[in-house]
Amino acid sequence: MFPYLCHHMNKEVRTRFAPSPTGGLHLGGVRTALYSYLYAKKHAGTFVLRVEDTDQTRYVEGAEKYILDCLDWCGIAPDESPLKSGPYAPYRQSERKPMYKQYALQLIENGHAYYAFDTPEDLEKMRMDLKSEKNPSPQYDHSTRMQMKNSLTLTTEEVNELLAKNTPYVVRIKMPSNETISFTDMIRGEINNDSNLVDDKVLLKGDGMPTYHLAVVVDDYLMKITHAFRGEEWLPSAPVHIKLWDYLGWKNEMPQWAHLPLILKPDGNGKLSKRDGDRLGFPVFAMNWFDPKTNETTIGFKEIGFLPEAFINLLAMLGWHSGEEKELFSKDELIAVFSMERVHKGGAKFDYEKAKWFNHEWLKAISEDRCMMSVKPILESKGIVIQDDAYLLKVIRAVKDRCTLLNDFYTQSVYFFETPKSFDIDAIKPKWNDDKTAFFHELMSQCATIKNWNAVELETIFKDIATAKNIKMGELQMPFRIMLVGGKFGPGVFEIAEMIGKESTFERVKLVLGML
RNA sequence: GCCGCGUUGGUCAAUCGGUUAAGACGCCUCCCUUUCACGGAGGAAUGACGAGUUCGAUUCUCGUACGUGGUACCA
């Protein structure tokens, strides 16, 4: 029925995420990886990570490991990667360097590419000479290539001589003239480009490394990639890739393209960047990123207290929608319902409030054990000593609904473990009087004889004394809360008192009484 | 400048020619709660603009505007 689709339908689905190891892993990058992962898993396929480290000048130590760690944390670890080798190794383009040149040469041989010997100065001169108001950025293309120093304008002998003398050169694609280059994008449908407007992109650089354009085509072919997802910023260079697949004779093996919409900054306009996060106070990287060049650490979603479940859930919903009202999806549910037909075309502004809402929902959804596993190390890292997991579990139950991020558990539960370091005295001092001081002394003396310290009994005694002394409960509960918690928050006071025990309760009451 | 892509409430979005134009986040009000949350019930708020096609356009076509991406020996 659709013969042109058959070659894809019969193949094992293979998708890839191909980041450059140049820094922190951005939200948009994780989402590209996530969609690639979901698509592959939905079709029982393979998800590959290929490191695009062809630009040696931008290489950052540690970035590759970091990216793998991020994917791991998100639960979308690749099936094949530099660390988990597979049938198409190596998975680093720098290690694949010897593989690219032959294809560049093949293109030259077939007349679809050419040697270019222009120096950076030559290029600069051409651009300066041709630059005008109408044409602010002149290109190396069909209109200019015959004025440049390349194997199209030089004789074969001249070219061979330059080559023999090891003259630096690049290989450029020779874009065709007067041709409409078309392809079908999974998200956007048919896209057409005028070949005259596309420049002769460099394929092989002076250092022998391929550019992205050559490498992505060669590697997607060699690695048998069937579906290639990438950011929308690649759309303008897609025609170059389309022609490359064609010229290399691999047209029938070309993957289906999907150019994902951009994630935009919440205010104003433009692509979301690390700077926006710094400015607006939210992370844009998946995990903490330590930049060895600046010695600066940028906060990540993980470290600020996001659950990986929530993180991929919110990312999935940023640019995709199931069509139903359900918004909370586990990874497995996403795999089941994900479809490219429901990916949006337009960019989406990132909304941190909504992101936090997802985490809050996930916090409610996960098991108490799971929650404890995540929270315990956070509390311990802040110096809280946890002797009893059963007690921790009770604390978590008591404060869970009040927490949005994992780190909130600290402020919401420190007072269960230690005496508050500060008390919001201003909240009670103005209305304080001797009657109230007497109330608390009476409370302690009556409680001293309690055999079974618990919230119900404490509350009864508390109320009885209040009634006897004719003081409103509200006037007493708040001070009591401040004494135990330090501030105006937390679960019911009597419940807190029961949990921290009689001794701690009295200790804190006396402490604050002394401050009034 | 040129080229590509996009445009439903403040934000994420449903709708695939006929609806009172869903739902969620956020915001506001009320209830619950003598704290902060959770929860519950309500509310305000939307099809960029202009043509055309059609009995009928948010939906299809064209134009305009706006936004965004690209225009490197960076990816």
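**A walk through the predicted model**

Pro-90 sits in the loop that runs between helix H3 (63-74) and helix H4 (97-109); helices (H or I, at least four residues) and strands (E, at least two) are DSSP runs, numbered from the N terminus. The peptide bond joining Ala-89 and Pro-90 is cis, with omega at about -5°. This is a predicted model, in which local features need pLDDT of at least 70 and side-chain atom pairs count only at pLDDT 80 or more, while totals for chains, interfaces and linings use all residues. Residues are numbered from 1 along each chain as its sequence is written, chains are lettered from A and ligands numbered from 1 in the order in which they are written, and side-chain values use heavy atoms, with hydrogens and water left out.

Two loop asparagines come next. Most residues other than glycine have a negative phi, and most peptide bonds are trans. Asn-166, in the loop between helix H6 (156-164) and S4, has a positive phi near 60°. Asn-166 is exposed, at 68% relative accessible area; buried means under 20%, exposed over 50%, and partly exposed in between (1.4 Å probe, protein chains only). Asn-295 has a positive phi near 65° and lies in the loop between strand S11 (289-291) and strand S12 (296-298). With 58% relative accessibility, Asn-295 counts as exposed.

S4 (residues 170-173) and S7 are joined by two bridges, and Val-171 stands opposite Leu-204 in S7.

For chain A, the domain assignment gives domain 1 (3-81 + 215-263), domain 2 (99-185 + 190-197) and domain 3 (419-516); such bounds come from an automatic or database domain assignment. The centres of domain 2 and domain 3, taken over C-alpha atoms, are 81 Å apart.

A nonpolar core is a set of buried Ala, Val, Leu, Ile, Met, Phe, Trp, Tyr and Cys residues joined through side-chain atoms within 4.5 Å. The largest one has 120 residues, and those with the most contacts inside it are Phe-311, Phe-350, Phe-416, Phe-440 and Phe-480. Helix H20 (residues 493-513) gives this core its largest share, 10 residues. Domain 1 and domain 3 each supply at least three residues to this core. Apart from it lies another core, of 40 residues, including Leu-214 and Trp-250.

Beyond its neighbours within four places in sequence, Phe-416 is in contact (heavy atoms within 4.5 Å) with residues including Tyr-391, Pro-491 and Met-499. Leu-476 belongs to helix H19 (residues 473-485) and is buried, at 0% relative accessible area. Leaving aside neighbours within four places, the contacts of Leu-476 include Phe-439, Phe-440 and Phe-462.

The structure holds zero disulfides. Cys-371 is in none either, with the nearest cysteine sulfur, that of Cys-403, 7.8 Å away. Cys-74 is buried at 4% relative accessibility, and Cys-371 is buried at 0%.

Note on methods. A disulfide is a pair of cysteine sulfur atoms within 2.5 Å. Two strands pair if DSSP finds at least two bridges between them.
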